[in-house]
Amino acid sequence: MQRPGSSRAPGPPAFVSIILPVHNAEEWLDECLKSVLQQDFEGSMELSVFDDASKDKSMSIIGRWKEKLEGAGIPVVIGGHDSPSPRGVGYSKNQAVAQSSGSYLCFLDSDDVMMPQRVRLQHQAAQGHPTSIIGCQVRRDPPDSTARYTRWINQLAPDQLLTQVFTSHGPTVVMPTWFCARAWFYHVGLFDEGGQGVPEDLLFFYEHLRKGGGVMRVDQSLLLYRYHPRAATHSVLQTTIWTHRVRFLEEQALPQWATFTIWNAGKQGRRLYRSLTAASRHKVVAFCDVDENKMKKGFYCHEDAQERPKPRVPILHFRAARPPFVICVKLVLQGPQRAWGARSSQPCCFHPGPHGGRV
């Protein structure tokens with residue numbers, strides 16, 4: 001059964017709506033909601049909460065904080081449902097957006113904590129970039145839980161926020177840091193409501209890029225980003241992420257090329273080849289590598305292919321290979337440099353190299 005949202009006090013729409021989906025979050029809600037109260041943003045702000053069938057004390061905690069927040073001039077809109085099963089993060093975020101009024105949307109997960117300047121700084125950035133998703137740097141909790149991934153989130157250069165969208169980490173600004181104009185959100189479309197196991201953030205991010213959206217990051221740590229076993233991201237299978245990434249690569253990069261070379265004749269390169277559509281596989285002229293053992297056979301045969309004769313793709317030394325390349329490798333770099341890895345444990349990234357050579 002759908003629970004009605006709370007009534008809104010009369011007055012103009014808020015400048016910023018904080019979008020907060022909730023499901024069994026009693027452990028973290030006090031800190032999360034306190035961080036809403038502590039924002040130093042001087043414009044009008046509201047909190048839009050949608051409860052996705054919580055069975056714990058989440059709603060009573062929200063009710064207690066509603067009085068505190070509204071006493072500080074922050075209206076709180078509460079919606080939700082009490083069906084036997086949750087409907088998922090995508091559905092909850094869509095509902096929280098629908099019941100809100102702000103010209104800008106600030107997304108927040110119920111297990112995270114905002115720094116006091118978050119809304120102010122991201123609102124400043126968004127005003128000049130109405131078709132961009134604005135992210136920020138994060139501080140992870142526990143601090144060493146995803147060290148490589150956290151470095152990647154925080155250290156991408158501005159141009160890499162767009163050029164590294166094919167890597168295995170997912171969106172180049174993470175969903176709990178997103179801030180954008182309401183008009184642009186509805187131009188892109190709603191979150192996928194498929195429920196558990198659907199990477200709704202990645203799918204929205206890809207659609208945002210298809211429609212020409214920009215990506216920016218405020219280079220300050222504005223969010224305590226928690227990692228724990230109950231996080232929704234753990235329900236998304238690695239194979240699901242891989243499939244969406246390959247399809248996006250085929251859609252956005254490969255149509256520009258008549259042929260290309262896969263940089264990696266090992267397991268990940270072969271996996272990429274097998275994952276491509278038949279039309280994309282026909283564009284692969286070679287694999288290339290630096291490992292002499294992989295080159296000894298001279299070719300890779302796709303045994304499961306339906307074509308007869310089965311395709312045989314040459315394996316070349318990288319110096320003999322022709323660009324453009326799709327680089328499909330795992331890079332482990334030392335020190336402060338970036339290391340490529342999972343979202344959060346996937347062992348591969350791929351990145352389309354330019355016509356003039358590898359990247």
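Residues 354-359 keep a pLDDT under 50, and the model has 17 contacts for them beyond four places in sequence. Here pLDDT is the predictor's confidence in each residue, from 0 to 100, and contact means heavy atoms within 4.5 Å. Residues 332-348 also stay under 50, with 55 contacts beyond four places in sequence. Across the protein chain, pLDDT averages 87, and 86% of the residues score at least 70.

This is a predicted model, so to speak of ground rules: local features need pLDDT of at least 70, side-chain atom pairs count only at pLDDT 80 or more, and totals for chains, interfaces and linings use all residues. Residues are numbered from 1 along each chain as its sequence is written, and side-chain values use heavy atoms, with hydrogens and water left out.

**Nonpolar cores**

- The largest nonpolar core has 91 residues, and Ile 18, Leu 20, Leu 47, Phe 107, Trp 178, Phe 205 and Leu 272 touch the most other members.
- Apart from that core lies another of 6 residues, including Trp 263, Cys 288, Phe 325 and Ile 327.
- A nonpolar core is a set of buried Ala, Val, Leu, Ile, Met, Phe, Trp, Tyr and Cys residues joined through side-chain atoms within 4.5 Å.
- Buried means under 20% relative accessible area, exposed over 50%, and partly exposed in between (1.4 Å probe, protein chains only).
- Leaving out residues up to four places away in sequence, Leu 20 touches Leu 29, Cys 32, Leu 33, Leu 47, Ser 48, Val 49, Phe 50, Ala 96, Leu 108, Asp 109 and Ser 110.

- Helices (H or I, at least four residues) and strands (E, at least two) are DSSP runs, numbered from the N terminus.
- Strand β2 (residues 16-22) has 7 of its 7 residues buried, so the rest of the structure largely encloses it.
- Val 16, Ile 18, Leu 20 and Val 22 point one way from β2, while Ser 17, Ile 19 and Pro 21 point the other way, and all are buried.
- β2 runs parallel to strand β3 (residues 45-52), joined by 7 bridges; two strands pair if DSSP finds at least two bridges between them.
- Across that pairing, Ile 18 stands opposite Leu 47 in β3.
- From β2 the chain passes through helix α1 (residues 29-37) to β3, a right-handed β-α-β crossover (clockwise from the first strand over the helix to the second, with the strands pointing away from the viewer).
- β2 also runs parallel to strand β5 (residues 104-107), with 4 bridges, and there the bridge partner of Ile 18 is Cys 106.

**Cysteines**

- Searching the whole structure turns up 0 disulfides, a disulfide being a pair of cysteine sulfur atoms within 2.5 Å.
- Cys 106 is buried, with a relative accessible area of 0%, and its sulfur is 8.5 Å from the closest cysteine sulfur, in Cys 136, too far for a bond.
- Cys 180 is buried too, at a relative accessible area of 3%; its closest cysteine sulfur is in Cys 106, 9.7 Å away and too far for a bond.

**Helices α5 and α8**

- In helix α5 (residues 147-155), Tyr 149, Thr 150, Trp 152, Ile 153 and Asn 154 are buried, and the buried residues of α5 pack against β7 (132-141) and β9 (214-226).
- Helix α8 (residues 200-210) has 8 of its 11 residues buried, so the rest of the structure largely encloses this helix.
- Those buried residues of α8 are Glu 200, Asp 201, Leu 202, Phe 204, Phe 205, Tyr 206, His 208 and Leu 209.
- Their cover includes α3 (89-98), β7, α6 (160-163), α7 (182-188), β9 and α9 (238-252).
- Just after α8, Gly 212 takes a positive phi of about 85°.
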